[in-house]
Amino acid sequence: MNAHTPAHLALPTSRQEVVDRARALRLVLAEDAIAIDAEGQDPTRNMRLIGEAGLHRINVPVEFGGLWDGPSFGAWRQVIETLAELSAADGSTGQCWVSTALVSREIFTSEGLARDTKEQLADELLQESRRFVASNAETGGTGRVVGRRVPGGLIVSGVKTFNTNSGGGGRDISCVSFALLGDDEQLETATRHHALIRLDDPALEAHHNWDNMGQRGTYSQTITYRDVFVPDGWHFPAHLADPYFFCAAMLLHAGLLQGIGEGALEAAVAFVRQLNRPSMPKFGTASNDPLMHRQLGELSTELAASRALMIAVADQLEAPGLSAKPEEMAIRGFRSKVASTRAGLDVTSRIHDLTGARSTSNTYRLDRFWRNARTFGSHDSVDAKNAFIGAFELDGTLPSVPDYIRI
């Protein structure tokens, strides 16, 4: 597969084929990484290529023509491996793709969403490269997003402050969480609900205000919903979180940071090979430089160890009842997130020790790997995860999650 690969390949026929196609796409997707970072632009071409390669098939249940079977997080190992490959090419591209993966699990496991809606969404994922936005965060906004029942559907109003993967616009879909008000109009008695809203709805306002130092192409902008009408069949009540959700979510964090770290090491090695300049003149070439060899070995081993933990935990999540209780699996997920975050941050911050001052030119933008890792690695505290793990080690029980993590 290369830049001239024909569009609309036949859909992959196995989970492993999804991973293999993602790996084959890495070099092609990486071609846009510098511009995505420099301009803070949506990875539009990358997302189209991902869709045309059929990678969304792993996010669709078998009954609707996909490759995901088993529990809520079935095929999660391959989802994580695919994420790591995409993130190695470009961190923003990986995070945009995994937003669709996570929202898909919410949509297709819902018992309250109409089956014909699920069938339509599955078809759009597989045939039209549709993208999903997880519209959840309200921090720094105007308060709770609320919904009210009206004949034929709901009206949704309010502000969401973080909407990753919304830069494609058009017919892509925002999955909005909100408080559905009852007849008393009181938030205290409201119930959690989700609505599916097209980004081209004229009652929706995208603010185009995402301008972070890293993950710049995720286009995680603010969106205002101004009395958006959502017809029946396109909204559904929130269900209880899968007991293994925390493990699955932490593996997503791990996969993204793991991929960024691996991409950084790959880019650094390519730079060193091309320049072939040693750390000291006495060694003549990089190929003869044992100090560079040592650094490369250390970084490579660190990434290999965190990847091995990530894959092992993802495998265990495939048959959670046979592996461990939800509490133990959550801790394993936290450990994987910590390991891959530490590895990703360490590798991305040290590659310039290998590549030298010349590599700091904006021509190469190798610093994007650290900025991407640092931005996503700040999403929620690694210290908090370590405290969570430590508390479990002492007491053997899962501490109160809200004491450690904002949810």
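Modeller: In this predicted model, the angle between two helices runs from 0 to 180 degrees between their N-to-C directions.

Colleague: At what angle do helix α7 and helix α8 pack, and how far apart are their axes?

Modeller: Helix α7, residues 245-275, packs against helix α8, residues 290-318, at an angle of about 155°, and the axes lie 10 Å apart.

Colleague: Why is α7 called roughly antiparallel to α8?

Modeller: Angles over 145 degrees count as roughly antiparallel, and the angle here is about 155°, so α7 is roughly antiparallel to α8. The crossing of α7 and α8 is left-handed.

Colleague: Which residues of α7 and α8 meet?

Modeller: On the α7 side they include Leu251, Gly255, Gln258, Glu262 and Leu265, and among their counterparts in α8 are Leu296, Leu299, Leu303, Arg307 and Met310. The residues of this contact of α7 with α8 divide into 15 nonpolar, 5 polar and 2 charged.

Colleague: How do you know that the radius of gyration of the protein agrees with that of a compact globule?

Modeller: For 407 residues a compact globule would have a radius of gyration near 22 Å, and because the protein has 22 Å, the two agree. Along the principal axes, the C-alpha atoms fill a box of roughly 80 × 55 × 40 Å, and the protein has 12 helices and 8 strands.

Colleague: What is the average pLDDT, and where does pLDDT stay under 50?

Modeller: The protein averages a pLDDT of 93, with 95% of the residues scoring at least 70, whereas pLDDT stays under 50 over residues 1-6. Where pLDDT is low, the predicted coordinates should not be read in detail.

Key
Residues numbered from 1 in each chain as written. Predicted model: local features only at pLDDT ≥ 70, side-chain atom pairs only at ≥ 80, totals over all residues. Heavy atoms only, no water. Helix = DSSP H or I, 4+ residues; strand = E, 2+ residues; numbered from the N terminus. Parallel < 35°, antiparallel > 145°, perpendicular 65-115°, else oblique. Left-handed = near helix turned anticlockwise from the far one by under 90°. Contact = heavy atoms within 4.5 Å. Nonpolar A, V, L, I, M, F, W, Y, C, P; charged D, E, K, R; others polar. pLDDT = per-residue confidence, 0-100. Rg over C-alpha atoms; globule rule 2.2 N^0.38 Å.
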